Amino acid sequence: MLGSYYANNPQPSKSSKVILISGLLVLGIIGSVAYLYKSPSSRLISLYEAEEREFQSFVVTYNKNYDSDQEYFTRLRVFLDNMAYIRVYNSMDQNLVLGVGPFADLTSEEFRSRFIPKSIENTAEPFEDFAGLTAPAQVDWRTKGAVTPVKDQGQCGSCWSFSATGGMEGAWFLAGHTLVSLSEQQLMDCSGAYGNDGCNGGFYRQAYSYVIANKGITSESNYPYTARDGTCNKTKASQFAASISSKVNVAGDNPTALQNAVAQQPTSVSVEADQPVWQHYTSGTISANCGTNLDHDVLAVGYDTTASPPYWIVKNSWGTSWGLAGYLQIAISTGKGVCGINMTPGYPVV
Ligand SMILES: *[C@@H]1O[C@H](CO)[C@@H](O)[C@H](O)[C@H]1NC(C)=O
């Protein structure tokens with residue numbers, strides 16, 4: 001190009017060539033200095049055009065603040081590892097779509113470390129197996145107004161309190177009252193005597209036992225969630241917005257019993273949720289790869305036995321930016337169930 005330009009035009013003088021070359025040199029130096037002064041992280045990400053855009057939109061979407069270049073670089077690397085894992089996983093599991101969610105910058109070890117293994121409560125109470133009942137093929141309590149919006153437990157092991165409020169919110173509504181969001185913080189601060197330990201874990205059943213003994217529970221708005229352990233405010237804890245009289249333990253390892261329970265009302269369940277299928281879940285149905293070492297409480301709000309594979313509709317407490325607007329689907333199966341969902345279900349009775 002340069003040659004043809006010179007062929008049709010008068011040759012530039014020697015001095016203007018010198019000016020041109022020195023001009024380019026100066027621009028080059030300015031450019032290199034500017035490049036060197038860019039942060040190391042932005043230099044690295046220019047190597048990964050597509051992933052750069054994806055990581056940057058992740059940072060914006062989930063409002064991530066990394067306080068050093070070092071941290072940014074580390075999180076970018078973890079994100080890229082996760083993207084590679086997600087691509088491979090999605091090519092192998094046709095039931096499930098993993099993708100970028102709020103935990104895409106955590107290693108699987110970091111994600112797992114947020115969970116506290118549960119020991120299954122030994123109870124002498126009877127278990128309900130609903131023998132003889134026939135449940136409908138599909139149920140979704142969200143469409144009946146029995147489920148409050150998805151909540152977010154944050155970095156606090158208080159899942160059990162969200163599972164419990166969800167169960168009580170549904171029971172209270174189905175008993176003929178207005179749907180009201182109930183207080184996890186009250187359960188966290190006030191149910192220690194029942195074996196719960198705030199952000200360090202608990203069990204939804206023990207939260208039900210506390211509310212039965214306390215004769216009620218207050219509203220979310222009166223005793224709001226802080227994602228931190230606090231001292232029980234006994235005044236607020238006695239300003240009741242709802243109450244329950246008893247709880248039902250659904251027979252374990254029995255998907256028919258669980259189906260009959262969920263057909264009746266939203267039902268608390270415990271699951272294992274510390275695996276990558278939960279970390280990166282975006283849509284579809286989890287049908288494998290999650291284990292049965294229970295470490296998380298959630299709420300079954302419906303099911304669909306006509307789908308392939310049939311699934312439970314489960315309300316989680318990780319905010320609406322996770323999964324299917326905060327929900328997930330877990331395949332219906334026999335025995336302990338996928339993720340152990342059949343193992344320890346239960347619900348409260350108003
Ligand atoms: C407890 O709740 C009551 C009623 O809302 C409030 O007046 C009081 O200040 C609270 N106590 C503490 C220690 O926060």
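Let's start with Asp253, which counts as partly exposed because its relative accessibility is 40%. For the terms, buried means under 20% relative accessible area, exposed means over 50%, and partly exposed is in between, with a 1.4 Å probe and protein chains only. Phi of Asp253 is near 55 degrees, a positive value in a residue other than glycine. Asp253 sits in the loop between strand 4 (246-250) and helix 11 (255-264). When I say helix I mean a DSSP run of H or I with at least four residues, and a strand is an E run of at least two, numbered from the N terminus.

A word on what we are looking at: this is a predicted model, where local features need pLDDT of at least 70, side-chain atom pairs count only at pLDDT 80 or more, and totals for chains, interfaces and linings use all residues. Residues are numbered from 1 along each chain as its sequence is written, and side-chain values use heavy atoms, with hydrogens and water left out.

Back to the backbone. Cys339 is not a glycine either, and has a positive phi of about 65 degrees. You'll find Cys339 in the loop between strand 9 (327-331) and strand 10 (346-349). Is Cys339 buried or exposed? Cys339 counts as buried, because its relative accessibility is 2%. Pro309 belongs to the loop between strand 7 (296-304) and strand 8 (311-315).

Now for strand 4 itself. Four of its five residues are buried, so strand 4 is largely enclosed by the rest of the structure. Which strands pair with strand 4? Strand 2 (residues 127-128) pairs with strand 4 in the parallel sense over two bridges, and strand 10 pairs with strand 4 in the antiparallel sense over four bridges. Pairing here requires that DSSP finds at least two bridges between the two strands.

As a reminder, side chains of opposite charge can pair when their charged atoms come close. I'm calling something a salt bridge when a side-chain nitrogen of Lys or Arg is within 4 Å of a carboxyl oxygen of Asp or Glu. How many salt bridges does that rule give? The count comes to eight.

One of them joins the side chains of Arg142 and Asp140, at 3.0 Å from N to O. Arg142 is partly exposed, with a relative accessible area of 34%, and Asp140 is partly exposed too, at 21%.

Then there is Lys151. Glu184 forms a salt bridge with Lys151, with the closest N and O atoms 2.8 Å apart. Glu184 lies in helix 8 (residues 184-190) and Lys151 in the loop between strand 3 (138-140) and helix 7 (159-174), so this pair ties together parts that are 33 residues apart in sequence. Lys151 also forms a salt bridge with Glu220, and there the closest N and O atoms are 2.8 Å apart. Glu220 is in the loop between helix 9 (204-214) and helix 10 (234-237), so that pair ties together parts that are 69 residues apart in sequence. Lys151 is buried at 14% relative accessible area, and Glu220 is buried at 16%. Salt bridges that share partners join Lys151, Glu169, Glu184 and Glu220 into one network.

Let me stay with Glu169 for a moment. Glu169 is in helix 7, and is buried, with a relative accessible area of 1%. Its side chain makes polar contacts of 2.8 Å with the side chain of Thr148 and 2.8 Å with the side chain of Lys151. A polar contact is a pair of N or O atoms within 3.5 Å; within protein, one must be able to donate a hydrogen and the other to accept it, and residues adjacent in sequence count only if both atoms are side-chain atoms.

Last stop, the ligand. Which residues are around the ligand? They are Asn233, Thr235 and Lys236, where the rule is a heavy atom within 4 Å of the molecule. The protein covers 33% of the 360 Å² of accessible area that the ligand has on its own, by the Shrake-Rupley method with a 1.4 Å probe. An oxygen atom of the ligand is 2.4 Å from an N or O atom in the side chain of Asn233. Thanks, everyone!
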